[in-house]
Amino acid sequence: MASKLRIPIGVDTAMCLGIPMQIIELEGAFAWCEGRGRHERLSTLWLEDVAVGDWVYAVLGQAREKLTIERVIEINLALDGLTAAMQGETDLDKYFPDLPASK
Amino acid sequence: MTTYTDTGRVLIRLTCSDGQVTGVQVNSERPDVSQLLRGRTTPQVIRMVSSMFALCGHAQMRAAVLAMSAARGEKCNPSIDQEVRREALREHLWHCLLDLPQLLGHVELKQEFVLGAKAIANGQRDDLYALLSNPSIQGLRMRLSEFDDAQISQKLLPRLSAKDSLLVWPRLSSEFCRHPMWKGAAAVTGAITSDDDSATSFFSARWHARFDELTKWASGHDVAGHVGTVSAVPVAPGIGRALVETARGLLMHEVAMDGDVVADYLIVAPTEWNFHPQGLLHAQLFGADARDRDALQQRVSRLVTTLDPCVPWELEWA
């Protein structure tokens with residue numbers, strides 16, 4: 001049997017789910033960003049102006065939207081909740097801290 | 001402390017023998033967001049959906065709100081949601097001016113994208129119309145016939161209203177969410193699906209349709225049925241369904257409420273239609289010439305980019 005070769009095509013950490021990332025270096029129409037354990041080079045064509053230190057919503061190798069720090073915290077909590085659910089955690093109330101609790 | 005989140009992928013595994021593709025496996029792996037939504041209240045679901053979906057975020061939000069309203073008995077006749085439509089059109093613009101040029105060996109039209117995206121965001125239809133008449137963009141469209149290697153052999157999902165969908169799918173299921181079917185077969189959703197399925201080239205039909213959606217908006221066409229169309233219908237007491245036409249195709253949300261709390265939540269995303277194990281990729285690649293692996297890989301890349309998954313994809317040679 002032939003050996004397997006897996007080839008990631010295009011960007012390597014894209015998703016329909018977005019993740020918040022912080023810009024650490026600008027490079028023309030791209031920015032090197034970090035967030036949620038990832039280090040990625042994102043296109044910044046969607047955004048009019050960006051600066052080192054800005055938080056952006058990253059998806060499919062693109063910085064889609066600038067985020068406030070409050071929004072970053074909110075999105076990270078949602079993604080933490082999703083990760084916990086995928087790992088079989090059943091008590092997910094802590095991922096919905098400021099809303100009326102479910103029954 | 002935030003953790004790494006696996007956000008899914010499409011995996012295409014090709015088996016080759018005697019210079020031919022003898023096996024095509026297509027597997028879409030995406031996190032099941034609905035498990036996080038069960039047991040939650042309407043405001044919690046809205047907050048969660050708005051926090052997680054960066055692609056088609058407006059479409060996902062609209063689908064969630066409409067589905068939960070439908071569960072309370074409120075229907076929504078098909079209509080254009082301009083915010084959802086503009087979101088989809090910006091996606092089309094990115095694909096047409098940045099992805100398509102790469103497939104054609106053409107320089108990316110970055111400046112045109114920036115101008116066009118701004119025109120769409122600001123509702124400046126005339127500006128977009130002028131941009132689309134640009135010779136460099138017209139030149140791209142002229143070259144679409146260069147890759148007529150993918151004939152349409154697949155059923156095309158028509159644009160449905162939520163009410164129409166009940167006749168075809170009285171209820172959705174988890175299995176349907178993973179492997180949706182139209183009249184017993186896999187089907188392609190998204191641009192081209194509203195027309196007949198006899199066009200000869202999937203590649204050019206798909207890309208022309210994206211350009212056409214942009215031109216229709218720029219020309220002032222606002223009739224329901226285009227990308228950006230939303231609708232919702234009560235399925236049964238406490239159960240609602242919403243349909244939204246996104247850039248990648250049909251998005252469906254179906255929610256069952258137990259009082260004020262979500263008892264079940266089902267999402268059927270366009271990627272599950274377009275990357276069905278028995279879908280277009282399988283039909284196009286099974287039996288294909290595999291003697292030139294680079295050429296085959298380019299063909300796979302062309303097909304996948306044209307179908308446009310909402311997650312990254314990987315090719316594996318078995």
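Helices (H or I, at least four residues) and strands (E, at least two) are DSSP runs, numbered from the N terminus. With that in hand, welcome to a predicted model, for which the predictor gives the complex an ipTM of 0.81 and a pTM of 0.90. Residues are numbered from 1 along each chain as its sequence is written, chains are lettered from A and ligands numbered from 1 in the order in which they are written, and side-chain values use heavy atoms, leaving out hydrogens and water. Local features need pLDDT of at least 70 and side-chain atom pairs count only at pLDDT 80 or more, while totals for chains, interfaces and linings use all residues.

**Confidence**

- Chain A averages 81, with 79% of the residues scoring at least 70.
- Over residues 1-15 of chain A the pLDDT is below 50, and this stretch has 43 contacts (heavy atoms within 4.5 Å) beyond near neighbours in sequence.

**A helix pair in chain B**

- The axes of α4 (residues 82-103) and α5 (residues 110-121) of chain B come within 10 Å and cross at roughly 170°; axes are lines fitted to C-alpha atoms, for helices over the stretch in contact, and angles run from 0 to 180 degrees between N-to-C directions.
- α4(B) and α5(B) are therefore roughly antiparallel to each other, a label for angles over 145 degrees.
- Among the residues that meet are B:L93, B:W94 and B:L97 of α4(B), and B:F113, B:A117 and B:I120 of α5(B).

**From chain B to chain A**

- Over all chains, a search of the whole structure finds eight aromatic pairs, meaning rings of Phe, Tyr and Trp (its six-membered ring) with centres within 6.5 Å.
- One of them, A:W46 with B:F113, is edge-to-face, at 5.0 Å centre to centre and 80° between the planes; edge-to-face means planes over 60 degrees apart.
- A:W46 lies in the loop between β4 (38-43) and β5 (55-59) of chain A and B:F113 in helix α5 of chain B, so the pair joins two chains.

**Strands**

- In chain B, five strands form an open antiparallel sheet in the order β3-β6-β7-β8-β9; strands pair if DSSP finds at least two bridges between them.
- β3 (76-80) and β9 (261-268) of chain B stand at the edges with a single partner strand each, so one side of each lacks a neighbour in the sheet.
- Three bridges join β3(B) to β6 (residues 229-236) of chain B, and B:S79 stands opposite B:V230.
- In chain A, five bridges join β5(A) to the antiparallel β6 (residues 62-67), with A:W55 opposite A:L67.
- The hairpin of β5(A) and β6(A) has two residues between the strands, and A:L60 takes a positive phi near 50° there.

Conventions. Angles under 35 degrees count as roughly parallel, over 145 as roughly antiparallel, 65 to 115 as roughly perpendicular and the rest as oblique. pLDDT is the predictor's confidence in each residue, from 0 to 100. Rings of Phe, Tyr and Trp (its six-membered ring) pair if their centres lie within 6.5 Å; planes under 30 degrees apart count as stacked, over 60 as edge-to-face and the rest as tilted.
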